[in-house]
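Subject: A structure for you to look at

Hi there,

I am passing a structure on to you, with some notes to read alongside it.

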Amino acid sequence: MSTYYDPKDLGKFGEIAEFQPALAEKFFSWYGDVFAEGALTQREKSLIALAVAHAVQCPYCIDAYSTDSLQKGATEEMMMEAVHVAAAIRGGASLVHGVMMMNKVKEVSM
Amino acid sequence: MSQATTSLHRRGADLANAAFQLNVLHHGDSVENLPSFAEKLRPSGLMPLRPLSPEILQVNVGKMCNQACKHCHVDAGPDRTEIMTRETMQQCLDVLARTDIGTVDLTGGAPEMNPDFRWFVDEIHALGRKVMVRCNLTIIVSNPKYRDLPKFYAERGVHVVSSLPFYDAKHTDRQRGGGVFDDSMEAMRLLNAEGYGVGGSGLVLDLVYNPLGALLPGPQASLEKEFKRVLSDKHGVAFNSLICITNMPISRFLEYLIDSGNYGRYMETLVNAFNPAAAQNVMCRNTISVGWDGQLYDCDFNQMLELPVASSSKHISTFDVEKLNSRAIVIDQHCYGCTAGAGSSCGGQLT
């Protein structure tokens with residue numbers, strides 16, 4: 001293993017079945033259903049996936065859902081707004097814990 | 001309007017040569033390891049690929065165009081002078097008169113730039129056949145002499161099929177040239193005013209979407225919804241259906257793929273997305289493509305790669321349905337473009 005991340009590995013995702021076929025089959029079948037057109041459109045789902053990919057900072061997911069969002073007809077503006085949503089939630093998640101910090105400070109302060 | 005590019009032909013580029021393109025398709029960047037299209041088709045029981053009886057005569061009346069789009073598979077542009085003569089058009093009409101081919105699909109270039117275009121449409125119409133025209137929209141507003149085209153089309157019930165790769169100017173102009181989107185909206189308003197794309201008129205205006213890069217087209221129904229919403233809300237224009245077409249790895253789109261470093265990956269994407277159900281319905285099975293010089297091909301893409309029909313009936317002047325029906329369709333690596341994902345044809349998604 002010369003590197004932790006190789007773009008070619010994305011194409012081998014399906015090979016996780018080699019070590020545990022039954023669970024992989026369930027996962028991929030469920031995964032396919034999740035992204036099918038439903039109450040949310042495929043484009044909306046792809047943009048959510050793109051935002052989550054940035055929140056979890058998964059390079060494979062960013063690769064896959066940048067392409068997929070474009071293929072589903074999303075624009076660059078939509079995609080960057082989705083990344084800002086992820087960033088806002090990440091930033092907000094840190095900041096809202098500031099209240100916890102303040103609570104503790106007030107608890108132990110005179 | 002500014003051109004997005006110039007033709008490969010004009011630039012004297014290697015890729016202007018069909019044999020050079022085929023060589024890239026066989027031996028270009030990392031594609032040698034990809035399975036041949038024939039190999040991929042065989043398990044579906046479709047090899048050799050056989051035609052059904054022809055239902056559509058797709059006639060390329062010339063390579064001249066007022067636009068020069070970055071992805072053009074015809075390498076069309078204002079500098080191209082190859083044009084179909086009235087004599088060749090007459091040979092097409094003779095074939096229609098003695099066969100039951102129901103539809104004539106006129107393409108180019110901008111087909112309207114052929115000086116005999118309107119005569120040809122009238123003659124096909126007189127034979128009672130359906131006429132489709134691949135109209136790039138901007139031609140209608142490019143010169144006062146074309147401004148009455150919507151009326152001309154409406155009077156003959158011509159089915160208008162027009163390219164619009166996106167519902168905004170930024171993306172459309174990137175592929176088709178500066179000002180193309182605004183001109184296209186103006187042309188659509190003129191078509192709508194004649195009843196095109198408007199419910200109940202019976203006049204059909206379809207739009208063609210093709211991806212703006214090394215991407216597969218998305219799901220047709222969902223894209224159509226979005227196009228209709230934005231074009232109606234922001235521009236007050238209407239159309240009937242959105243047709244999704246995959247970009248073929250030939251000509252100017254091939255040039256883009258190579259120059260952007262996407263070629264190998266794009267071919268791999270097409271191969272991985274091979275769909276046997278789409279292969280079953282490919283358009284070459286019910287279409288005969290006629291070149292500007294009357295040569296016969298299995299499709300417009302084979303025409304641009306100079307791969308003629310594998311039949312002794314090779315020219316419109318010697319058109320023989322029986323001979324053509326017994327031919328095997330000529331396939332090569334570019335055919336992966338029509339069988340990827342939901343499939344692609346001049347009529348859109350195949351599955």
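**A threonine to start with**

B:Thr351 counts as partly exposed because 13 other C-beta atoms lie within 10 Å (a residue is buried if 20 or more other C-beta atoms lie within 10 Å of its own, exposed if 12 or fewer, and partly exposed in between, with C-beta atoms placed from the backbone). You will find B:Thr351 in the segment after helix 16 (336-339) of chain B. Helices (H or I, at least four residues) and strands (E, at least two) are DSSP runs, numbered from the N terminus. Leaving out residues up to four places away in sequence, B:Thr351 touches B:Asn275, B:Ala277, B:Ala278, B:Ala342 and B:Gly343; contact means that the C-beta atoms of two residues, placed from the backbone, lie within 7 Å. B:Thr318 is 33 residues from B:Thr351 along the chain, and their C-alpha atoms are separated by 34 Å.

Before you go on, please note that this is a predicted model, where local features need pLDDT of at least 70 and side-chain atom pairs count only at pLDDT 80 or more, while totals for chains, interfaces and linings use all residues. Residues are numbered from 1 along each chain as its sequence is written, and chains are lettered from A and ligands numbered from 1 in the order in which they are written.

**Strands in chain B**

Now find strand 3 (residues 130-134) of chain B, where four of the five residues are buried. On one side, strand 3 of chain B pairs with strand 2 (residues 103-107) of chain B in the parallel sense over four bridges; two strands pair if DSSP finds at least two bridges between them. Within that pairing, B:Met132 of strand 3 stands opposite B:Asp105. The chain gets from strand 2 of chain B to strand 3 of chain B through helix 5 (residues 117-126) of chain B, and this β-α-β crossover is right-handed (with the strands pointing away from the viewer, the path from the first strand over the helix to the second runs clockwise).

Strand 3 of chain B also runs parallel to strand 4 (residues 159-163) of chain B, joined by three bridges. There, B:Met132 has B:His159 as its bridge partner.

At what angle do helix 8 and helix 9 of chain B pack? The angle between helix 8 (residues 169-176) and helix 9 (residues 180-193) of chain B is about 105 degrees, and their axes are 7 Å apart. Axes here are lines fitted to C-alpha atoms, for helices over the stretch in contact, and angles run from 0 to 180 degrees between N-to-C directions. That makes the two helices of chain B roughly perpendicular (angles of 65 to 115 degrees; under 35 counts as roughly parallel, over 145 as roughly antiparallel and the rest as oblique). Helix 8 of chain B brings B:Ala169, B:Thr172, B:Asp173 and B:Arg176 to the contact, and helix 9 of chain B brings B:Val180, B:Phe181, B:Asp182 and B:Ser184.

**Backbone details**

B:Gly109 sits in the loop between strand 2 and helix 5 of chain B.

Finally, look at A:Gln57, in the loop between helix 2 and helix 3 of chain A. Its phi is near 50 degrees, a positive value in a residue other than glycine. A:Gln57 counts as exposed, with 10 C-beta neighbours inside 10 Å.

Enjoy exploring!
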